[in-house]
There are 4 protein chains.
Amino acid sequence: MVKAGIIGSTGYAGQELVRILLNHPDVEIVWYGSKSYIDKRYSEVFGNMFQIVDNVCLGEDINKLAGQADVIFTATPQGLCSSLVNEEILSQVKIIDLSADFRIKDIGKYEKWYGIKHQSPSFIKEAVYGLCEINREDIKNARLIANPGCFPTCTVLSIYPLAKEGLIDMDTVIVDAKSGVSGAGRGAKTANLYCEVNESIKPYGVAVHRHTPEIEDQLSYASGEDVVINFTPHLVPMNRGILATSYAKLKEKLPYNEVKEIYDKYYKDEYFVRVLDENVFPETRWVEGSNFVDVNFKIDGRTGRIIMMGAIDNVVKGAAGQAVQNMNILYGFKENTGLDIVPLFP
Amino acid sequence: MVKAGIIGSTGYAGQELVRILLNHPDVEIVWYGSKSYIDKRYSEVFGNMFQIVDNVCLGEDINKLAGQADVIFTATPQGLCSSLVNEEILSQVKIIDLSADFRIKDIGKYEKWYGIKHQSPSFIKEAVYGLCEINREDIKNARLIANPGCFPTCTVLSIYPLAKEGLIDMDTVIVDAKSGVSGAGRGAKTANLYCEVNESIKPYGVAVHRHTPEIEDQLSYASGEDVVINFTPHLVPMNRGILATSYAKLKEKLPYNEVKEIYDKYYKDEYFVRVLDENVFPETRWVEGSNFVDVNFKIDGRTGRIIMMGAIDNVVKGAAGQAVQNMNILYGFKENTGLDIVPLFP
Amino acid sequence: MVKAGIIGSTGYAGQELVRILLNHPDVEIVWYGSKSYIDKRYSEVFGNMFQIVDNVCLGEDINKLAGQADVIFTATPQGLCSSLVNEEILSQVKIIDLSADFRIKDIGKYEKWYGIKHQSPSFIKEAVYGLCEINREDIKNARLIANPGCFPTCTVLSIYPLAKEGLIDMDTVIVDAKSGVSGAGRGAKTANLYCEVNESIKPYGVAVHRHTPEIEDQLSYASGEDVVINFTPHLVPMNRGILATSYAKLKEKLPYNEVKEIYDKYYKDEYFVRVLDENVFPETRWVEGSNFVDVNFKIDGRTGRIIMMGAIDNVVKGAAGQAVQNMNILYGFKENTGLDIVPLFP
Amino acid sequence: MVKAGIIGSTGYAGQELVRILLNHPDVEIVWYGSKSYIDKRYSEVFGNMFQIVDNVCLGEDINKLAGQADVIFTATPQGLCSSLVNEEILSQVKIIDLSADFRIKDIGKYEKWYGIKHQSPSFIKEAVYGLCEINREDIKNARLIANPGCFPTCTVLSIYPLAKEGLIDMDTVIVDAKSGVSGAGRGAKTANLYCEVNESIKPYGVAVHRHTPEIEDQLSYASGEDVVINFTPHLVPMNRGILATSYAKLKEKLPYNEVKEIYDKYYKDEYFVRVLDENVFPETRWVEGSNFVDVNFKIDGRTGRIIMMGAIDNVVKGAAGQAVQNMNILYGFKENTGLDIVPLFP
């Protein structure tokens, strides 16, 4: 039985970790960490957990926690995990960090886009970027896993096969993404009030969103080129879900079947990546509550572009679910243990 | 391995049966019945099932189905199940009917409220009303189970302890209920279009809703009186969930603790019924996707009334979940097998 | 041209006042008061006002404001208006208070339900309760108008004719109300975040909501009895709208036509109160953005009760619209000046 | 007093025409045409119109209608208007067609994208494309106006200044658009049911949407080039609103101020087009219920692209509002007569 501790268990991603781990046959949650709700019963914060979780919230004392847990999930704002990690901690426990602290290898890039100073740069190199379908082998032996961002997960997986195979012009990649509101977190901000978000769609972080360099890094690794993209996220009035619609020029004309084969080459054995049938496009409702990534593409012969689409549940494959998938890889469990969830509809 | 067939698997309740049964360790779905989608792949109708269910939809030939299944769920409009049931069928399979056909013992009452002629009145007496927490013993040996309606499940369970103990004046019971839109079914009607339902709340079926006699029957059995109530459902712009707010006069003044003890007496060993803490009231979000019934009450000393509240997911405990719970009882499985679902939030 | 000042113009009710007054032919807004956004351009707070309102937000200096305005609207939290009002101010300007400070004549009752000390009790008696359809004559000469609460407006108007005519047993009145989220205000609270409210319905303030005594007072005046009721509000995932479903015993059997005549007697000349056709029930979508109150009733012969239903837009007839209606009465304008708004659908 | 007739008054755009025209001081609606609701009272179809509109729905007899009206709005499916128009009709009345029948000058292109045969090709040349801000002069004397599509209106107005000035590479234009559900019409389709649309976002019509050639035509006229674009619409769970996010390469580096001046050059005197402040981006909530088009842009120096964004209310500026704006131009009314609506929030 793997003992898991969660720092930041009272945010949306943290709560989802709890939901998923409660159904995991090989894991026991030993620490419900929180900054705002210390000593409060967890089920008072989240009524869904009533009579399921009896624990009270503990703080963020990582030393104490490291003595009790085998693996620690940090579902916290940027900067916290990097301030907690050190050799002593990593010698005791595995850490799966859901924040951005260890996702970007170039510390200058990290500090510029996030506007904060990195607290433990010495561990950046060691950290493995936990995009499971791509970095599975490296994840197996990692001590510190940088769990990918929600937009990067969805975007990279929907573009990856074509970038890897060199079939699209990487200078032409444009990503237009749409996210549900849970991605904005549980902090009490006027901008995220029901009446402010409901019945509206808006772009945000135009040309400056922090997930841009993360996507660019991963697409650069895949293509072997230095990729610079346009990335525009939008806020959609729904609880969960990310849809990424990406555009690129095909280097040469390709028929549907050839592109389909390429997607299948990379994903046919991937449990969580579902390449949809021709002309069936991803919709967030079909992945809600699950760890699936639905992807598909459409070739536009008129413009010579290909439109690559992906849908995930941002709280699951975009956060907690992928974190558990990483943990499964770390411990040699079957990769979908606790994650073989049928999406909830409607 | 129990072999299950579903007639009406392409409605919302039918699809939810599939979602739940896919996670049930002791059940195999052998028949995906449908009226509108025969020969179509099930996963084309419901994209969440892509790469999970490979079956195509079959028709509603109950004779053929009875030869292949151990248990049949009918998640169909009123009148269909009663037209299919006969001795030969019941001698081969168990039937769990999610429609109203066998819920009301008085055939005259059924025909009056539903406006249709009952097709197999001889089986009404035999059918067991599958409100599991109350009729568990009778369910065990039933051949034909009338799975309760969504409003009755929520309402009856939140009032039952006080009705049974004779603590409220049954002549004063008023039930004001609120339902998500999935309760209206998947039929293509203008009234259920997104733009018609969104951003609005409305009452419907005022004083004439068909769940009224079903609630009255159950409260009559509980109290030993002939109960007549007011029941007013309202349509709420959300996918899932029912909240029932019920009012009654307390026969005599009672302190909080005594009433709490009575609720606990009936429900403390019930896995699915959660009696909330004092002054914490049911909210549909805390039961979404699960089979839980959250109940609580508030005594209003000023008026001498007690307000009894209950929340369920109408598609789960109000339909498919309770149907599986009934099946679990029928086959002697642990009652929450396949149903120990942590509610999804947000 | 009436000069209007608004204290609290950056809340939802305050902003709606601006929207309505901008279309009022006889009014000019001279003061956009705010606590949180002083010196900020109003159109930066509310993007809908871009290129429509050029003003910057001012503070809450009522002395200065009283020198510039003819009428002041206070759309502020409880307690503020009563702390600002005095004889000097009232000798200069009319005040229409959208808070509860002057709605309840019994100061003890006010202080008990609201939990705050009243700052200017000497003006309580003078203040006129601005439920226009009922107190029109008194409003004409008032200096200080207590604009009614949203739930009381909707509830009282839907019950009033029967209470006034003595046709219902006032001891049996139960009000089950449902409100959109704008009623909770624009403050940054976790409980009102999109993801907390969306896809859920919940009761709140059960048996203790502050609008209870206000409703009771008005029903007492109407019926000539000391009325005590049950009032339960619920939060509905939509921006705007209140639906009140009220129940009472009819003192004697009455046919539909007689009750309809009584409603018509009170409302046939009222522009804003629409008594719907038989078996057509109020829905909040049909009044959105307007000052209408849609009411109707259903007699339930089985229980001897009558169900009285009303729908309003809580931000308009429940707040800003009724405030303007009061202003129109005060200044002898046609009562629907600036308020002849066709409801927005969908 | 202009006499207006509406064919298709019981769809969403038709109903919005009614809402707007009821507030127009110079127009009287003389004909509420409908296919599905003939002889039914209009206010029974749309409860918001109760006690406002007393008319019953009439049919689609354009000859009779042409004898009674000065101007006819056709808010009907593609193909109907072109089947009704002829010289006799046009000699009697002005026609403003909200469908696509006369928007595309190349009949072959129309028939290919719409899959239907054009019924009155001889009038295509005469018809004026009613994008008011661009074709104002031609509209003034038109007999037949092709009211633009919702996506084209939003997209073209947000790109127009840069296309016209030749500052962007037209070969690189990509339009990613998002629409509320009212754009799908009021027909009873499963795909538009509340539970199918709510809590999900999806792309549709990828690379084949019918508004593509309309956008291309207009951008071609503006730029003087033969423009081919990518256009991907998405369905967003909200009633109203369109947001278009468009991407293009700048031909040369430009500072913010220069681009801003170009937008201002075209729009500073346009009442309905609001060029937002720097780094304030369009959100559909700020234009709801109004005829405004909010536009802005962001230069991304990293990629050399410019992101052009626009937001409209699809039912107003994207349909009924622009139709009335066209009518105002036709009759020499002030262009915002009846359209100086403050957007509704929240």
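The model is predicted, so local features need pLDDT of at least 70 and side-chain atom pairs count only at pLDDT 80 or more, while totals for chains, interfaces and linings use all residues. Residues are numbered from 1 along each chain as its sequence is written, chains are lettered from A and ligands numbered from 1 in the order in which they are written, and side-chain values use heavy atoms, with hydrogens and water left out.

**Stop 1: the sheet of chain C**

Select chain C and display its strands. Helices (H or I, at least four residues) and strands (E, at least two) are DSSP runs, numbered from the N terminus. Here 6 strands form an open sheet in the order β2-β1-β3-β4-β6-β5, with parallel pairing. Its edge strands are β2 (27-32) and β5 (128-129) of chain C, each of which pairs on one side only. Two strands pair if DSSP finds at least two bridges between them. Strands of a sheet pair through backbone hydrogen bonds, either parallel or antiparallel.

Next, select residues 71-74 and 94-97 of chain C. These are strands β3 and β4, which run parallel and are joined by 4 bridges. Which residue of β4(C) is the bridge partner of Thr74(C)? The partner is Asp97(C).

**Stop 2: the cis peptide bonds**

Select Phe345(A) and Pro346(A): the peptide bond from the former to the latter is cis, with omega near -5 degrees. Pro346(A) belongs to the segment after α12 (316-331) of chain A. Then move to chain B, where a cis peptide bond joins Phe345(B) and Pro346(B), with omega about -5 degrees. Pro346(B) is found in the segment after α12 (316-330) of chain B.

**Stop 3: Gln51 in chains B and D**

Select Gln51(B), in the loop between α2 (42-45) and α3 (62-68) of chain B. Although Gln51(B) is not a glycine, its phi is positive, about 65 degrees. Is Gln51(B) buried, partly exposed or exposed? With a relative accessible area of 47%, Gln51(B) is partly exposed; buried means under 20%, exposed over 50%, and partly exposed in between (1.4 Å probe, protein chains only).

Now select Gln51(D), in the loop between α2 (42-45) and α3 (62-68) of chain D. Its phi is also positive, near 65 degrees, and Gln51(D) is partly exposed at 47%.

**Stop 4: chains B and D together**

Finally, display chains B and D. A rotation of 180 degrees with 0.0 Å of shift along its axis superposes chain B on chain D, with RMSD 0.0 Å. The two copies are therefore related as by a two-fold rotation axis. Copies are superposed by least squares on the C-alpha atoms of residues with pLDDT of at least 70 in both.
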